[in-house]
Structure formats: C-alpha cells, structure tokens
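Thank you all for coming.

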Amino acid sequence: MAKEKTLYACQSCGYESARWLGCCPDCGQWNTFEERKAVTAAPSKTAEKAARYQTTRKTEIVALSQVEEKNEPRMSTGNEELDRVLGGGLVQGSAILLGGDPGIGKSTLLLQVAASLSQRMRVLYVSGEESARQIKMRAVRLKVPQDKLYVLAENDVESILEKCQGMQPDVLIIDSIQTMVSEDSGSAPGSVSQVRQSAGAIVRYAKETGTATFIVGHVTKEGSLAGPRVLEHMVDAVLYFEGDRQHEYRLLRAVKNRFGSVNELGVFEMRSEGMVPVPNPSETLLSQRARGTGGSVVFCTLQGSRPILCDLQALASQSFYSVPKRTVGGMDSGRVALLLAVMEKRAGKKLFNQDVYINVAGGLALNDPAADLAVCIAVASSLQGFALPTNLSVMGEIGLCGEVRPVSQVERRVAECVRLGFTELLVPKQNLKSLRPIEGVHVTGVDTLMQALAVVN
C-alpha cells in the first residue's frame with residue numbers, strides 16, 4: 001500500500017523540504033513554500049511513470065557530416081508580425097510558449113491565429129480557464145471564422161491528449177499551462193510539479209505527432225514565467241507579450257527560438273476587433289511626436305533584425321528637493337544616471353539641482369547602448385531650452401570619458417532614417433567609414449559628447 005507523507009515545496013524553483021521554511025535555500029525566495037501531500041509510489045509504478053518520458057526512438061552515433069540536411073517547412077499563421085517573431089512561420093512539431101501579464105492579449109491573439117489557421121488545417125483550442133461559451137463570445141466580438149475552429153474546455157492533461165489522439169489536430173493551443181492538471185502529480189494546479197508534469201506530457205505529444213503547439217503561460221510579479229525554469233528549456237520558442245494594458249500598442253518579443261533568431265519584435269495595436277499587426281511601427285510611433293519643443297530626439301534602435309525609429313523624450317526642471325529626482329521610463333535607470341554624470345563632468349552641464357525625467361514614447365523598452373547620445377542631447381535640449389530640427393536623428397554610444405563610440409549595423413539604421421525622411425543624421429565618426437554618401441542626406445560624425453552638443457546647439 002502506498003504511504004502518504006507531507007512535504008513542503010517551493011513554488012518558485014520546486015525545492016522540497018520535510019518542514020516549512022521561510023526562505024528557500026535553493027533560490028533565495030521568501031514565503032514560497034506550500035504544503036502538499038506526496039505519495040511514495042511502488043517500484044513498479046515508478047518504473048511505469050519513468051517509461052512515459054522515455055523516447056521510443058533508438059539512435060546510433062554518427063558523424064555530423066553524415067547527418068542529412070533538411071530545411072524544416074514552415075506554415076504561415078496568417079499574422080505577419082507573429083510570423084516574423086517565429087522566424088518565418090510555424091514549424092511542424094514545435095512547442096511555443098507565450099507569456100505575458102493578465103489582460104495583455106495572449107488569448108485574443110491566439111484565438112485570431114487559430115481561426116485563421118482553421119481555414120487551412122485542423123486546429124484545436126483547449127482552454128482550462130474559460131468555458132466554450134466564453135470562447136464563443138470572444139470569437140463573435142472579434143468577428144473571426146468559427147465553422148472549422150474546434151474548442152475544448154478541459155484541464156485534465158490525460159483527457160486532452162486522449163481526445164487529441166482521436167482528432168489528430170495539426171495545431172494545438174493550450175490556454176493556459178498553469179490550469180492544467182496531470183494525474184502523475186498529486187499537487188494543486190499551478191504548482192511547480194503540476195506545471196512540469198503537464199508541460200512535459202504536452203511537449204512530448206507535440207514531438208511524437210508533429211503537432212505545432214502553442215502553450216500560454218502566466219508571469220509572476222517580477223515579469224518571469226510562473227512555474228519551474230525548466231519549462232522554458234522544454235519548449236522550442238519562448239515569446240513574451242509586453243506593453244501597458246492602458247496603452248494601445250503591444251510588443252511581442254522572442255527570447256528563445258530554435259528555428260529562428262532571438263530578440264525579434266512584433267508590434268500590434270489593440271483594437272475592438274482584436275490584435276491588429278502594425279506593419280510600419282517606426283511611422284506609427286512617430287505619428288504623434290511633438291515638434292518645435294525642446295527635449296525630443298528621434299533615435300533608431302534595432303530590435304532583432306528590425307530597425308525601429310522612436311521618440312526619446314527628456315525633461316529637465318529645477319528641483320526643490322534636497323536630492324533631485326531621476327525618473328526613467330523605457331530605459332535602464334542606472335544607465336541614465338551614468339549618462340547624466342558624464343554630462344556634468346565632461347560637458348559641464350549643471351544637473352545637480354535639476355529633476356530629470358526620461359521617457360521612450362510608445363511604450364517601447366530600450367536596452368540599446370546606441371541610445372546614449374540621443375539621451376544626452378535630449379536632456380541638453382530641455383535644460384537649455386532649444387528645439388532640435390525635426391529632420392534630425394541621433395545615435396551613438398558614450399563612454400565614461402565622454403567619447404562617442406561606434407554603433408552596430410549603422411547602415412540599416414541610417415537606411416530606416418532616410419526612408420522616413422530624416423535628412424540630418426548625427427553618428428559616431430568611426431561609423432562614417434562604412435557609410436556611403438546619400439544624395440540629399442547630411443551625415444555628421446562626432447568623436448566626443450562636447451562636439452555633438454556643439455553641432456546641435
């Protein structure tokens with residue numbers, strides 16, 4: 001007879017302890033231990049459970065040169081932005097994890113994709129959070145085709161996979177993995193062991209049958225995917241939906257992709273009819289830019305292989321606090337503090353009594369060091385009260401000595417700027433070697449921050 005015992009498991013990393021602990025000794029998180037009952041299975045049951053995770057294919061050791069080269073065929077999802085992030089479309093048998101905050105639009109996007117794919121192949125949309133009637137209501141609101149789209153309101157993994165064996169869908173959507181329950185784990189839904197067991201069974205089914213599978217995952221308050229870290233290692237691609245729910249734009253970013261490049265970015269606009277792809281995000285992000293005022297600079301960033309122009313804004317105003325405020329949105333606050341120190345030490349800009357606010361308009365998050373020069377010029381423009389030319393775009397990395405360092409892929413950045421009508425470009429001087437003259441476009445190269453400020457002022 002199986003013996004029951006009580007264990008305490010960390011909901012962050014899965015560490016198990018015989019007693020409750022305030023701080024997890026493995027991951028260092030506080031108040032994450034949860035009591036659950038563990039069943040010690042008999043040896044035969046343990047062997048049977050382990051056999052479920054063993055692959056049925058037996059392979060031999062071969063030289064890499066003898067492995068047959070084969071291009072994986074891709075299926076278009078009917079959504080250009082999603083295809084871009086996936087690297088060109090869906091790959092047969094791939095498992096894709098889509099994470100994001102509640103209400104960001106994950107279910108809406110996948111329902112639209114499922115409806116589009118259902119016109120060409122068999123698609124099964126499985127929801128453990130909503131009933132079939134609720135999915136129907138959303139489909140009616142989104143005005144998507146429903147005649148060939150099949151739905152299943154179920155959270156039992158074994159039951160879902162049994163029904164999939166009978167239907168044999170080409171595309172399977174699981175919404176969400178935190179609601180799934182596997183009989184192999186006795187813990188509650190959403191726990192580390194349940195997420196691991198459920199995801200393992202679903203991914204194994206996708207690989208064995210060649211079914212392209214989307215798995216929706218919730219995120220924690222820190223912004224990481226809830227559940228064990230091994231969940232991201234199981235799947236072939238990890239996509240994150242970013243953006244403010246109060247903002248109209250959503251950003252879909254790939255942080256892992258075995259069939260394409262990472263850090264690709266897709267831009268969507270949230271409307272009443274659902275997620276609408278934005279084919280030209282640069283033009284959209286600059287459409288409402290304030291002109292003729294100080295503190296606004298256009299900068300071209302690279303999101304994966306995609307150049308995007310954004311409006312980088314700065315506001316410097318006299319501080320009435322003992323410690324001036326530094327508020328940053330869309331950038332690393334530590335990096336901005338470093339740039340402000342360089343401006344004060346190397347360029348003589350007095351910012352010790354100024355509150356400085358930095359914002360990247362449109363909700364875009366920048367981690368590109370090429371934005372350094374644009375930040376400094378935007379702050380100087382607001383501090384001194386001079387407006388920058390509306391056809392000016394700035395890019396360059398700044399060192400602690402005030403030098404302007406070259407940026408990567410400057411040709412693609414410049415081409416995007418020229419395409420949208422920017423004829424005055426301020427770039428690092430070392431990048432001029434790789435740039436060809438462009439008719440009607442004036443490109444200025446600078447070596448130091450002082451030179452750059454002298455050009456624009």
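**Salt bridges and a helix pair**

Across the whole structure, a search finds 13 salt bridges, a salt bridge being a side-chain nitrogen of Lys or Arg within 4 Å of a carboxyl oxygen of Asp or Glu. Please keep in mind that this is a predicted model, in which local features need pLDDT of at least 70 and side-chain atom pairs count only at pLDDT 80 or more, while totals for chains, interfaces and linings use all residues. Residues are numbered from 1 along each chain as its sequence is written, and side-chain values use heavy atoms, with hydrogens and water left out.

Let me take Asp170 and Arg122, whose side chains meet in a salt bridge at 3.8 Å, N to O. Asp170 lies in the loop between helix 5 (157-167) and strand 9 (171-175), and Arg122 in the loop between helix 3 (106-117) and strand 7 (123-127), so the pair ties together parts that are 48 residues apart in sequence. Helices (H or I, at least four residues) and strands (E, at least two) are DSSP runs, numbered from the N terminus. Asp170 is partly exposed, with a relative accessible area of 29%, and Arg122 is partly exposed at 39%; here buried means under 20% relative accessible area, exposed over 50%, and partly exposed in between, with a 1.4 Å probe and protein chains only.

Turning to another pair, Asp236 forms a salt bridge with Arg258, and their closest N and O atoms are 2.9 Å apart. Asp236 sits in the loop between helix 7 (230-234) and strand 11 (237-242), and Arg258 in the loop between strand 12 (249-257) and strand 13 (265-271), so this pair ties together parts that are 22 residues apart in sequence. Is Asp236 buried or exposed? Asp236 counts as buried, at 3% relative accessibility, whereas Arg258 is partly exposed, with a relative accessible area of 46%. Lys207 also belongs to this picture, as Lys207, Asp236 and Arg258 are linked in a network of salt bridges.

Finally, the helices: helix 3 and helix 4 (residues 132-142) pack at an angle of about 75 degrees, with their axes 11 Å apart. Axes are lines fitted to C-alpha atoms, for helices over the stretch in contact, and angles run from 0 to 180 degrees between N-to-C directions. That angle makes helix 3 roughly perpendicular to helix 4, a label that covers 65 to 115 degrees. Contact, meaning heavy atoms within 4.5 Å, is made by residues including Leu111 of helix 3 and Ile135 of helix 4.

Key:
Angles under 35 degrees count as roughly parallel, over 145 as roughly antiparallel, 65 to 115 as roughly perpendicular and the rest as oblique.
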